[in-house]
Amino acid sequence: LAHLRMARPATRSAGLSSSQQRGRYGHALVAIAWILLSCLTLISVVYSVRIYAALVSDDDDGNGADIASRRGGRIRSSGAVGPRSKRRPGRAQKEDSNEEPNYALLYPNYDCVGEPVRINYSSSEKNCQQCRDFCDLRFKGQETSPNELDSTSIFVFGEKGVQIVNVCAGQFKYERDKITTLKVIRPEEGCINLGRGASHARFV
């Protein structure tokens, strides 16, 4: 009996230690669950922010297209002397009317790339009005005239079209059978590639 009495306190002590251990395990599991929940919440917030940013970016692009459409900035590719182009000129170029609503920009490269030369409706030559020969024009940094280049292009603005012919008829006299119309370009056609041989522009 004495031996059993001495053993009971040890059994109770062992039971208390096991209970404390289970409590610690429970607290640890709660802490781990809380950490996992916090991580999931943080991940959800990050993805939500990214999705919102993507939606805002798409909406801005759509508004830009709508504004361009309302301003009449729709550009359509059309047949030309050279290959077709779908490039839209820069906003600054379109709005740079210089108080002349009808004008054209002649570019040194296809697809209206490069620094253009401006041809105003008020331009004139010895043999014509509202016209411009390309023979004496020069692009920045080039010594070759536009009519001798293989990759020129033009964009017309306003309400007037532009007739492109094969000779510099503004400064020099030619027989009628020597003058050939290569293209009549309307503003709504957009950027038109020309190439070698385009020598004269006349507003029509």
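This note sets out numbered points on the strand pairing, disulfides and salt bridges of a predicted model.

1. **The four-stranded sheet.** An open sheet is built from four strands, arranged in the order β2-β1-β6-β9, with antiparallel pairing. The edge positions are taken by β2 (117–120) and β9 (191–193); each of these has a single partner strand, so one side of each is left without a neighbour in the sheet. From one strand to the next, the twist averages 25°.

2. **Pairing of β6 with β9.** Within this order, strand β6 (residues 153–157) runs antiparallel to β9, and three bridges join the two.

3. **Pairings of β7.** Strand β7 (residues 162–165) pairs with strand β8 (residues 181–185) in the antiparallel sense, over four bridges. In that pairing, Gln 163 stands opposite Val 184 in β8. Strand β7 is also joined by four bridges to strand β10 (residues 200–203), again running antiparallel. As background, strands of a sheet pair through backbone hydrogen bonds, either parallel or antiparallel.

4. **Disulfide inventory.** How many disulfides does a search of the whole structure find? The search finds three. With the bonded cysteines of the chain numbered in sequence order, the pairing reads 1-6, 2-3, 4-5. Such a link is a covalent bond between the sulfur atoms of two cysteines.

5. **Cys 112 and Cys 191.** The link is right-handed, with 110° about the S-S bond. Cys 112 belongs to the loop between β1 (103–107) and β2, while Cys 191 belongs to strand β9, so the pair ties together parts that are 79 residues apart in sequence. Cys 112 is buried, its relative accessible area being 0%, and Cys 191 is likewise buried, at 1%.

6. **Cys 128 and Cys 131.** In this disulfide the sulfur atoms are 1.8 Å apart. The link is right-handed, with 90° about the S-S bond. Both Cys 128 and Cys 131 are buried.

7. **Cys 135 and Cys 168.** The sulfur atoms of this pair lie 1.4 Å apart in the model. The torsion about the S-S bond is about 90°, so this disulfide is right-handed. Distant parts of the chain are linked: Cys 135 is in the loop between β5 (131–133) and β6, Cys 168 is in the loop between β7 and β8, and the two are 33 residues apart. Are these cysteines buried or exposed? Cys 135 is partly exposed because its relative accessible area is 24%, which falls between the limits of 20% and 50%. Cys 168 counts as buried, at 2% relative accessibility.

8. **Cys 39.** The accessibility of one further cysteine may be noted. Cys 39 has a relative accessible area of 41%, so this residue is classed as partly exposed.

9. **Salt bridges around Arg 132.** Four salt bridges are found in a search of the whole structure. One of them joins Arg 132 to Glu 125, with the closest N and O atoms 3.1 Å apart. Arg 132 also meets Asp 136 in a salt bridge, at 2.9 Å from N to O. Glu 125 counts as buried at 14% relative accessibility, whereas Asp 136 is partly exposed at 40%.

10. **Lys 183 and Glu 189.** Which residue forms a salt bridge with Lys 183? The partner is Glu 189, and the closest N and O atoms are 3.7 Å apart. This distance meets the salt-bridge criterion because the cut-off is 4 Å. Lys 183 is buried, with a relative accessible area of 18%; the value stays within the buried class because that class covers anything under 20%. Glu 189 is buried as well, at 9%. Elsewhere, salt bridges with shared partners join Glu 125, Arg 132 and Asp 136 into one network.

How values were computed. Residues numbered from 1 in each chain as written. Predicted model: local features only at pLDDT ≥ 70, side-chain atom pairs only at ≥ 80, totals over all residues. Heavy atoms only, no water. Pairing = 2+ DSSP bridges. Axes fitted to C-alpha atoms, helices over the stretch in contact; angles between N-to-C directions. Disulfide = S-S within 2.5 Å. Buried < 20%, exposed > 50% of the residue type's maximum accessible area, 1.4 Å probe, protein only. Salt bridge = Lys/Arg side-chain N within 4 Å of Asp/Glu carboxyl O.
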